[in-house]
Amino acid sequence: MAIVEMQKIGIYALKKDRKKILEFLQRTAAVEVDISDLADERFEKIDTVSDKAKYQRIADDFDHAIELLKKYDTSGQKSLLNLEKKLIEKSEWDEVIGKRSKIYSDMNRVLMLEKNISDSEAVIARKTNKIASIRPWQALDIPLNSEKTRSTKIFIGSFPMMLTKEQLQNIALKDMENDSPITSETLNVDGQTTNVCVMAHNSIADKVEENMRTEGYMKLSFLTHRVPGEAIEKRKKDIKEEEKKIADYKKELSSYTDRIETFQVASDYYRTRAEKYRVLGTLPQSKNAFFIEGWVEKQNTEAVIKALSEKFDAVTEIEEITEEEIPNEPVKLRNNSFSASTEGVLESYGLPQHGRVDPTTVMSMFYVFFFGMMLSDAGYGLVMSIVCAIVLLKYKRIETGLKKMIQLFFWCGLSTTFWGFMYGGFFGDAIDVIAHTFFNVPATEQVLKPIWFAPLENPMRLLIYCMLFGLIHLYAGLGMKGYEYLKNHDVIGFFSDIISWYLFITGLVLMLLPSSIFASIAGRQIVFAPALVTASKVMTIAGLVIILLMSGRVNKNWGLRVALGAYDIYGVTGWLSDVLSYSRLLALGLATGVIANVINMMASMNGNAIIFTIVFILGHILNLLINLLGAYVHTNRLQYVEFFGKFYDGGGRPFKPFKTINRYVEIKED
């Protein structure tokens with residue numbers, strides 16, 4: 001539950017050591033480079049945009065080549081879950097860098113093979129379409145581009161209608177003698193289109209063409225000097241040649257699959273180099289020297305300064321943090337392993353600023369607690385925790401953010417298991433259903449009994465507890481705000497804004513408990529001793545008066561102060577709505593249990609063990625996924641809206657050290 005203290009440092013060094021210093025800083029990932037605008041004319045910045053873009057583009061090309069080669073990798077080493085980076089020796093990294101020109105050439109060859117395959121596939125598609133367009137004309141025994149002979153004119157085209165040979169002849173010889181020198185053939189009838197070939201003597205050719213056009217004749221739009229049958233065979237032969245090329249290209253691609261790991265190292269190298277050039281473009285430089293300004297964890301400052309001084313003879317100084325720089329000071333959280341698993345949840349909302357409280361530890365306990373109440377099935381919880389534990393044990397080098405998320409679901413799984421047994425839910429009522437259906441246990445006998453009580457049998461009781469847990473959660477949020485007041489030595493603010501609300505809300509709750517309204521909800525009447533009843537009224541009035549008089553204390557005008565205090569008292573309605581929001585703990589818990597029970601009932605309807613197993617597995621997987629998502633979303637909402645709403649506003653900027661950007665590999669340090 002802490003924000004790591006940061007230190008601003010400046011590094012001055014000779015330009016000849018620039019490359020080594022940048023590589024050292026990038027390798028150690030200890031410094032976030034943050035250059036302020038400098039007015040010193042002796043320093044200037046170089047333009048590295050094109051270099052950065054070039055190396056990033058090369059890294060992207062390697063990524064593309066890697067994904068392409070994975071499709072042709074038959075080594076059997078593919079992993080269904082690619083969650084961790086490969087650990088390599090420093091010597092292997094250096095070897096790849098030394099051969100990067102040859103590796104770059106191999107990568108380009110892989111991309112060229114992909115392009116050749118795409119080109120050949122495009123040729124095949126084009127020739128296949130051509131065959132399809134020529135096939136209706138394959139009955140024709142003359143080239144499609146035939147137009148005339150010495151004494152005749154040839155018409156090759158189509159009519160937008162179905163025609164017989166006799167009908168075609170009548171159209172062509174309209175208003176002419178039937179024995180006119182003409183030959184006509186219908187080549188293909190496809191739907192509402194008829195392909196034809198008409199040969200007419202030159203003396204009547206113009207009239208024949210006029211007659212046919214009147215009936216919708218259209219000349220063939222594409223031409224070939226080959227007879228249709230020959231043209232089709234020629235294109236089929238071309239397609240076979242392209243298919244052979246593709247097979248050869250793919251065979252050659254398969255020969256490059258053993259370079260996947262090498263390509264991965266090269267990709268990380270160029271990506272890291274692009275990051276180095278990005279930072280290089282921000283550094284102020286003179287003819288002989290350069291300057292780096294940035295942030296480092298205070299506990300690492302001495303080690304960084306010592307290393308830079310000894311290795312590179314650089315001058316390093318600790319800089320004073322100005323008021324203008326305080327909002328820009330980066331934030332890094334440090335929590336125990338349990339609480340650290342929820343840091344991603346906090347970062348999604350916003351990191352705390354320096355000088356503010358880190359709510360991670362308190363939030364983590366409530367987060368896991370509420371998540372378990374919402375999912376609330378021991379079977380589902382065990383599945384979650386076991387799967388997450390296997391992943392964490394098998395994959396040691398998972399990316400930090402993903403690892404924290406898996407750890408979070410592991411803890412949430414344990415909480416879900418706890419609440420499942422408390423409520424008596426193990427894959428719903430699966431234990432009882434199996435016992436009654438397959439082991440002849442009497443239907444009236446309950447096998448798995450809840451340790452606490454079954455929410456389906458007494459939902460109102462659980463609703464009361466949900467609102468109680470919610471009130472504790474809200475009190476914790478208000479307490480976090482009070483902690484900040486005391487941390488800043490604001491005792492008046494702590495008394496006026498924290499203690500007053502504790503008194504007011506607690507008094508109202510104590511007044512509500514003995515009332516008939518609460519009795520109708522709880523199903524029982526609570527009776528307090530007269531002294532406690534009086535105390536509840538005193539607490540309520542005392543809190544009310546303090547809020548009324550002190551909430552607007554920044555104003556000297558008492559009338560305005562009281563008006564602002566009265567307005568703040570209206571905020572008690574917000575507390576009511578916040579408490580009611582925790583009824584979702586009941587709603588989601590009941591939904592999980594009811595759906596699970598329905599699945600069990602459906603699975604056991606005909607008493608067949610095979611059908612039961614299939615329906616049971618598929619149904620509970622679906623129920624787990626749906627309610628897992630619901631529990632995650634609504635648990636986040638309780639933190640973001642109700643809990644954080646009492647004290648937290650975020651606004652911190654994450655600490656982003658200058659480091660290597662490795663997507664695929666992790667270098668084993670000596």
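Predicted model: local features only at pLDDT ≥ 70, side-chain atom pairs only at ≥ 80, totals over all residues.
Figure 1. The buried residues of the helix are T301, V304, A307, L308 and F312. Seen down the axis of α9, these buried residues fall within an arc of 135 degrees, so they line one face of the helix. An α-helix has 3.6 residues a turn, so residues three or four places apart point the same way. The elements against which the buried residues of α9 pack are β2 (6-14), α1 (18-28), β3 (31-33), β9 (289-297) and β10 (315-319).

**Figure 2. Length and end of helix α9.** Helix α9 comprises the 12 residues 301-312. At 1.5 Å a residue it should span 16 Å, and the 16 Å between its end C-alpha atoms agrees with this. D313 follows α9 and has a positive phi, near 55 degrees.

**Figure 3. The open sheet β3-β9-β2-β10.** Four strands form this open sheet, in the order β3-β9-β2-β10 and with antiparallel pairing. Strands β3 and β10 stand at the edges with a single partner strand each, so one side of each is left without a neighbour in the sheet. From one strand to the next, the twist averages 35 degrees. The antiparallel pair β3 and β9 is joined over 3 bridges, and V33 stands opposite G294 in β9. Helix α1 packs on the sheet, where it touches β2, β3 and β9; the direction of α1 makes about 10 degrees with that of β9.

**Figure 4. D17 in the loop between β2 and α1.** The loop that holds D17 lies between β2 and α1. With a relative accessible area of 12%, D17 is buried. Not counting residues up to four places away in sequence, D17 touches F290 and F312.

**Figure 5. The largest nonpolar core.** This core has 71 residues, of which I21, L25, F263 and L308 touch the most other members. Helix α8 (residues 260-280) gives the most to the core, with 10 residues. Residues up to four places away in sequence being left out, I21 touches A13, F290, I292, L308, F312 and A314. Another core, of 68 residues, lies apart from the largest one; among its residues are V368, Y380, M422 and I505. In soluble globular proteins, nonpolar side chains tend to be buried together.

**Figure 6. The open sheet β6-β7-β5-β8.** This open sheet has 4 strands in the order β6-β7-β5-β8, paired in the antiparallel sense. At its edges stand β6 (182-190) and β8 (218-219), each with a single partner strand, so one side of each is left without a neighbour in the sheet. Strand β5 (residues 152-159) runs antiparallel to β8 and is joined to it by 2 bridges. The bridge partner of G157 is K219 in β8. Helix α5 (residues 165-172) packs on the sheet, touching β5, β6 and β7 (193-201), and its direction makes about 130 degrees with that of β6.

**Figure 7. The surroundings of L462.** L462 belongs to helix α16 (residues 459-487) and counts as buried, at 1% relative accessibility. Apart from neighbours within four places in sequence, L462 is in contact with M373, Y423, F453, P455 and L586. L462 and G589 are 127 residues apart along the chain, and their C-alpha atoms are separated by 9.9 Å.

Definitions and conventions: Residues numbered from 1 in each chain as written. Heavy atoms only, no water. Pairing = 2+ DSSP bridges. Contact = heavy atoms within 4.5 Å. Axes fitted to C-alpha atoms, helices over the stretch in contact; angles between N-to-C directions. Expected span 1.5 Å × (residues − 1). Buried < 20%, exposed > 50% of the residue type's maximum accessible area, 1.4 Å probe, protein only. Arc of directions from axis to C-beta. Core = buried A, V, L, I, M, F, W, Y, C linked by side-chain atoms within 4.5 Å.
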